[in-house]
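The report below is meant to be read alongside the sequence and the coordinates.

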Amino acid sequence: MSTAITAPAPVMPAKHYLNDNYGIRSWLLTKDHKRIAILYLFSISFFFLLGGSFAALIRMHLLTPNGELFSADTYNKLFTMHGVNMVFFFLLPSVPATIGNFLVPIMVGTKDLAFPKINLLSWYLYMAGGICSLIAMISGGVDTGWTFYAPFSSGYSKTHVIMMAVGIIIAGFSSIFTGLNFIVTVHRMRAPGMTWGRLPLFVWSNYAASLIMILGTPVIAITLILLALERGFHIGIFDPKLGGDPVLFQHMFWFYSHPAVYIMILPGMGVISEIVPCFSRKRIFGYTFVAFSSIAIAVFGFVVWAHHMFVAGISVYSALVFSLLSYAVAIPSAVKVFNWTATMYKGSIEMTTPMLYAMAFIGLFTIGGLTGLFLAALGLDIHIHDTYFVIAHFHYVMVGGMVTAYLGGLHFWWPKMTGRMYPEAPAKLAAIITFIGFNLTFFPQFILGYMGMPRRYALYPPEFQVLNVLSTAGASILSVGFLLPLFYFVWSLKYGEIAGDNPWKATGLEWETTSPPPTHNFHQIPVVTKDPYAYGEEGEVPVVH
Amino acid sequence: MSDHTHSHPTPGLYLVIFLALVIGTCATWAIAFVDLGIWNPVVALTIAVIKATLVILFFMHIYYSSKLTKLTISAGVFWLMIMITMSLTDYLTRTFLPH
Amino acid sequence: MSTSQTTTSEHHPALAHQFDSMEQQQDASTFGMWVFLLTEIMMFGGLFTAYLIYRIKYYPAFVAGSTSISVSWGFANTLVLIGSSFTMAMAVWAAQTGRKKSQIWFLIGTMILGSVFLGIKAKEYYDKWDECHIPGHIIGKGFNTWGGCSATNKSLGNIAQEIVERGENNHEEIPLGAATQTAQQTEIFFSFYFAMTGLHAFHMIIGLGLLSWLLLRASRGEFSGQYFTPMELGGLYWHFVDIVWIFLFPLLYLISRHKGGI
């Protein structure tokens, strides 16, 4: 006779945020941060697929060195639309606006964000910006590159630059309002007992990213406004023929766009900091270091922007300073990698899908980050600037890092958001396919770049073809890996196993409420007495899958 | 029982600050017509900073606000300084020649 | 339910559901407004940075441009805006101390002064159009058909001509080629003049809209010592716009004035 005590089968709560109210108005006029997160989830998935389609077209075109698929002008539009969609409409809002919006209030132990109506406004602004971007796309696209360098963008490009700029400005305000909400919520709405030192690291990361959103985004707004003014009224701010300075555009653009990459990666790192302790059944190593490293990245990230401009004609002395600071900004990221690894050391590793993504993140982000140091070295940068080396570097950190973390987070918190488990076998398969496809796509690009293949060129010398073909083959595998979750996540909504409150036996306030949570998050506001990440204590039963 | 826990300035104080601001403005305007060479913009901006500080401290109640609010405004000024000074490190050192 | 005496703030009609008390709501809202003002500092800051770089690069042209705008109107406008900040601070004080009539009058006073500011600004902008100092070849050409500046590209040529004439008045020889280059650089000054004062005026207009809304709520008696948060936030916004102008005035109007005219 079995003496094991079986836990009661998990049940869906009768009333939760998804069924609390029906009808399209209850969604489009919602003030519930969880519903807004789901709205964002739909929107950014659309832009991810759109940006991905452009990527597919680029990789198909690059199968042959003679550029037989598209004209050079069209190719310029393809990589621009890929970049703009991915950076501004997918990567920047991905974790903060979906997982962050959903979890930050719950993790700090409160009923909603500080300003729910502004949160909804933020989604509408995002949609408005997205629509402007779509209009620009449908009217023929933009061909300036996502970096909009002047004076091409302000005086010579014949595409719809202003419409696209307006879309990005509006989406920027969406980002600002999200960041504003997070900052005020974390400062002023923590539950009783929730001190800063007890906050989950996911909150610390989103808080740090929010600081960057607040301080950086307004600068790109004014930069794009000036660009639009110059383009519309032919005033000379960036156009040298009118007395302007094109390098000034680059300074102003990168003042935001460099910290922007930290807006993208910090929340992803926050996700990893939640997944790794849970599936190592061990406390995070060096909580304080990881928390403060997020703030350090946010601060240091603001003083390195000109490393994108080393060959643009800036002063050598200034370049030296920016190069040195770029080395410094790598240090807090390395601290995180060491701490995650130390957390896994001698832990009881459970190879669930989120953990597979987290481990992939640690490896791929490290490669991406280290290659960033290659680029930060002045002498090396002269050789590899504007080559595929740069492209490989940022795809390793953004896709191998950020998208991987985003997928890991989606899998980890899917049960909490929907009340259902995704199917583990297809999920693991998708993770492995993604990993293989990703590396096959982008590793050859490091070699291509080092060998001298320039970026943003529609043609290339024939000796580069083999590596390009490998890269495209990898991209086709990667796309399968990215599409699979779409299918099984939707499948799980109806047929997935019911998750229960805490299927992962994880710590954190979000796991102490129902899955899905009630509209007001908690039936009773919790009082926090424990430190976070109290894993491996008091005879916990590890999760078996 | 009054609900607001922080004190606030009196109309008298507001009037004093207002007059200080008016005097500062007149001073800025008058000094602009005196040739101080390189110091003209320095003096004008110094007076502007003092005026802005008065507005922030008293009209905007920072003097009576929490540490967090004070930190917030300082952070803003600091970040603005980062943007200005680090951009200038490029422009001002372009024509430096090694000896 | 608790039977102890609770303050009425817990059931105040303006308490939003996500907050536990009016005090938390006031704290969070004020802090939120400050965070928003941070974004405004960085937005104007970007413009100020670009302005600073060009001022260093094209100093003589910036002097010429600054001299051609009216320091008297700029000075008057500065006083008007400071006055409006005073009335706004008084309006918030009146709301906080429950003085309904004073709130309304101070708000109206602020709005009147704000409108005076915008009126003077409009006059200044008109003067610039009249003197063909509007930057940009598109606008210059467009305005030609309305009369006033009648030669194509006269905006550029006009300033160049003025520079040559001023040189003659000061007994200096300024060749037309150098004058044209200076004129192009002066156009950049005017680009910044219009961009910075334009963005500022845009914020003023939004501010007037906010004040109207506050006036409506104040006249309905919504504000008191327990709840005056919207007034406080409106005040913060208005003072911020004032501070931007406090810097714009010396930066735009007072470049090397001691050499130029009024």
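In this predicted model, A:Ile220 is in contact (heavy atoms within 4.5 Å) with A:Phe253, A:Tyr256 and A:Ser257, once its neighbours within four places in sequence are left aside. A:Ile220 belongs to helix H7 of chain A, which covers residues 201–233, where helices are DSSP runs of H or I with at least four residues, strands are runs of E with at least two, and both are numbered from the N terminus. The residue is buried, at a relative accessible area of 4%, given that buried stands for under 20%, exposed for over 50% and partly exposed for what lies in between, with a 1.4 Å probe and protein chains only. Between the C-alpha atoms of A:Ile220 and A:Gly141, which stand 79 residues apart along the chain, the separation is 20 Å.

Residues are numbered from 1 along each chain as its sequence is written, while chains are lettered from A and ligands numbered from 1 in the order in which they are written. Local features need pLDDT of at least 70 and side-chain atom pairs count only at pLDDT 80 or more, whereas totals for chains, interfaces and linings use all residues, and side-chain values use heavy atoms, with hydrogens and water left out.

Chain A as a whole has 15 helices and zero strands, and its C-alpha atoms fill a box of roughly 80 × 45 × 45 Å along the principal axes. Its radius of gyration of 23 Å agrees with the value near 24 Å that a compact globule of 545 residues would have, the radius being taken over C-alpha atoms and the globule rule being 2.2 Å times the number of residues to the power 0.38. Of these 545 residues, 62% count as buried, and among contacts with a separation of 6 or more in chain A, 83% come from residues 24 or more positions apart.

| Pair | Buried area | Share on carbon and sulfur atoms |
|---|---|---|
| Chain C and chain B | about 4300 Å² | 82% |
| Chain C and chain A | about 3000 Å² | 74% |

On the chain C side, C:Trp34, C:Phe86 and C:His258 lose the most area to chain B, together 15% of what that side buries.

Definitions and conventions. Buried area = accessible area lost by both parts, 1.4 Å probe.
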